[in-house]
Amino acid sequence: MCGIVGYVGAKQAAPVLLDGLSKLEYRGYDSAGIAVSDFKNNINIVRSKGKLCILSEKTEGGKKLEGVCGIGHTRWATHGEPSENNAHPHYNDDRTIVAVHNGIIENYAELKGKLIRQGYGFYSQTDTEVATKLVDYYYKKHNDPIRAIANFVLRVRGSYALAVLFKDFPNQIFAVRKDSPMVIGIAGGETFIASDVPAILKYTNKVYYVGNTEIAHLEKGKVTFYNLDKEPINKEVAEITWDAQSAEKDGFEHFMLKEMYEQPKVVKDTVNGLLVDGKIDFISAGLSDEELKNFNQITVAACGSAYHAGVVLQYVTEELARIPVRVELSSEFRYRNPVADKNCLVIVISQSGETADSLAALREAKKLGMKTLAIVNVLGSSIAREADCVLYTKAGPEIAVATTKAYSSQLIAAYALALKLATVKNTITGERYLSLIKELSSLPEKIEIILNGKESIQHFASEAANKKNVFFIGRGVDYAVGIEGSLKLKEISYIHSEAYAAGELKHGPISLIEDGTLVIGVLMQDRLLEKTLSNLVETKSRGAFIAAVTCENNEKAAEVADITINVPKTEGLFAASLAVIPLQLFAYYLSVLKGNDVDKPRNLAKSVTVE
Ligand code: M6R
């Protein structure tokens, strides 16, 4: 999410840093900053909350910061709110050590305690300030930047890409990474560091990929790598041969991976787009509270994953707002001769806004005189233009055929609608409403935590690569997310899979379970846990291999399952937003393992504009 850029060469560093940061904007950020060492070896820092243009204005496009060596950062808040004070670069007390960091220092609280006991004070809420002061602590001990960083690596748990300026080592950058991307570019007399190649591709296509825990020492036109014992490492320079289209992937191997990684940001943007003074507001969608109050029924029409988001909408809205919701495939709705009801709101959900069946369903509803609301991602698309009211999801352009970030943002729209209806219909208490809003706002951070643990899912995928059939089971919202997980798997891995409401297994599908069949149970609802667990046990006794997607510390699930995939705890109604992430990653890694065209799976198109 955050972005790092560094430069040492003959040019003024600040404009290069700002330019590089602008190429990393897609990653999502809420504050930015740069640090440049001037000709007297003082390190000057400028930071600002908000967009990069504010930082650019503040520094007059970088002109205000003189010097040929510097580091820059775009921050997406994890520890501490988005603010200038929490923005990077961070620094030690006398500003002789200045650092930028991506990732999460998991044991930062313990390290902070240790540093406080050593007499350090803290001005921010960030784990990066802790990281900077830990480097300072070891630098004071060893008087050697490489050894200071090596000690930092040995003490820190978590993921990081860290770039540091030391006043005692002018016009040099020291860097290290673990599980967070970092590349180093070299061109003539210039050396660059960045989270992603596009940030420096304009200047060079010769890059070094920094390995985990390798320490890089950047000087003008030169880079030296060390291991943790301070022994130099030889590394091969790689030549980037990207075409323009691949460069749009911003360093990710596939658009789908990039788009999965954008989910914390798009969820955050969609939540923020619907909150006015901390409360859900549908005025921008064109629906007043009065109008909403008068609907006593909802019909959702959609296709594919958008239909699956509609199924979640059904569970959540019926639970919170106590009004009946019917979810239909657009292709059925359009020909079913539906009964017109003036008090029924028809919602059409579509990423592209161009899906032929959904457009036809919308037209049918309008013809019958029903009020229509479109939940659409693409601005100005046909469905958006023709619907009476439009709620735009804020997923940005989605390129991979298999939707990920658009589905996640549709879920947010669904929760928001349910919450809004619940308030206008007075079916939940103010206290419950506020606690749900709070939980909604915490989803981006929780999604990011799951994405950061992607390796365990990659490992699970490698174990499942030979499976011929996969079943997903769950109840309520867990079932709704199961059908999406199953679709993702089919679409891109070409493995046959089915999703069932757990209670349905005994009514037929259990006959398909045999030795080694993979059954993925989604177990996010406390209330329904034991019921679904019993269904999993039934498949296990018939030879199934069980994987459980569940909340942390679910001992009951861990006892039954062969593999447990943990996600952070959340409100059961919002569980789809978290449970879907490992299911997307699972499908993605299986597709990669099978050598499939992940972004453009066979026989599928991004937007289905024909019947
Ligand atoms: O653009 P839409 O949301 O209307 O598209 C609907 C489906 O075609 C779409 O969700 C499809 O199922 C995706 N390929 C799923 O990943």
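The model is a predicted one, and its protein chain is divided into domain 1 (3-241), domain 2 (255-447) and domain 3 (453-594). Taken over C-alpha atoms, the centres of domain 1 and domain 2 lie 41 Å apart.

- Seven strands make up an open sheet with antiparallel pairing, and their order is 5-6-7-8-12-13-14.
- The edges of this sheet are strand 5 (90-91) and strand 14 (232-233), each of which has a single partner strand, so one side of each is left without a neighbour in the sheet.
- Strand 13 (residues 222-226) is paired with strand 14 in the antiparallel sense over two bridges, and Tyr 226 stands opposite Pro 232 of strand 14.
- Helix 5 (residues 145-155) lies across strand 6 (97-105), strand 7 (158-166), strand 8 (173-178), strand 12 (215-219) and strand 13, and its direction is at about 20 degrees to strand 8.

**The pair of helices 14 and 15**
- Helix 14 (residues 405-424) packs with helix 15 (residues 430-452) at an angle of about 170 degrees, their axes being 11 Å apart; because angles over 145 degrees count as roughly antiparallel, helix 14 and helix 15 are described as roughly antiparallel to each other.
- Helix 14 contributes Ile 412, Tyr 415, Leu 419 and Thr 423 to the contact, while helix 15 contributes Tyr 433, Leu 436, Ile 437, Leu 440 and Leu 443.
- Sorted by class, the residues of this contact are eight nonpolar and one polar, with no charged residues.

- Five strands in the order 24-23-25-26-27 form an open sheet with parallel pairing.
- Strand 24 (496-501) and strand 27 (563-567) are at the edges with a single partner strand each, so one side of each has no neighbour in the sheet.
- On average, and with direction ignored, neighbouring strands of this sheet are turned by 20 degrees against each other.
- Strand 26 (residues 545-551) pairs with strand 27 in the parallel sense over five bridges, and Thr 550 stands opposite Asn 566 in strand 27.
- Helix 16 (residues 454-464) packs on the sheet and touches strand 25, strand 26 and strand 27, its direction making about 150 degrees with that of strand 27.
- Helix 18 (residues 529-540) also packs on the sheet, touching strand 23 (469-474), strand 25 and strand 26, and its direction makes about 170 degrees with that of strand 25.

**Val 519**
- Val 519 belongs to strand 25 (residues 518-523) and is buried, with a relative accessible area of 1%.
- Beyond its neighbours within four places in sequence, Val 519 has contacts that include Phe 471, Ile 473, Leu 536 and Ile 546.
- Val 519 and Ala 548 are 29 residues apart in sequence, and their C-alpha atoms are 8.5 Å apart in space.

Terms used
Residues numbered from 1 in each chain as written. Predicted model: local features only at pLDDT ≥ 70, side-chain atom pairs only at ≥ 80, totals over all residues. Heavy atoms only, no water. Domains from an automatic or database assignment. Pairing = 2+ DSSP bridges. Helix = DSSP H or I, 4+ residues; strand = E, 2+ residues; numbered from the N terminus. Contact = heavy atoms within 4.5 Å. Axes fitted to C-alpha atoms, helices over the stretch in contact; angles between N-to-C directions. Parallel < 35°, antiparallel > 145°, perpendicular 65-115°, else oblique. Nonpolar A, V, L, I, M, F, W, Y, C, P; charged D, E, K, R; others polar. Buried < 20%, exposed > 50% of the residue type's maximum accessible area, 1.4 Å probe, protein only.
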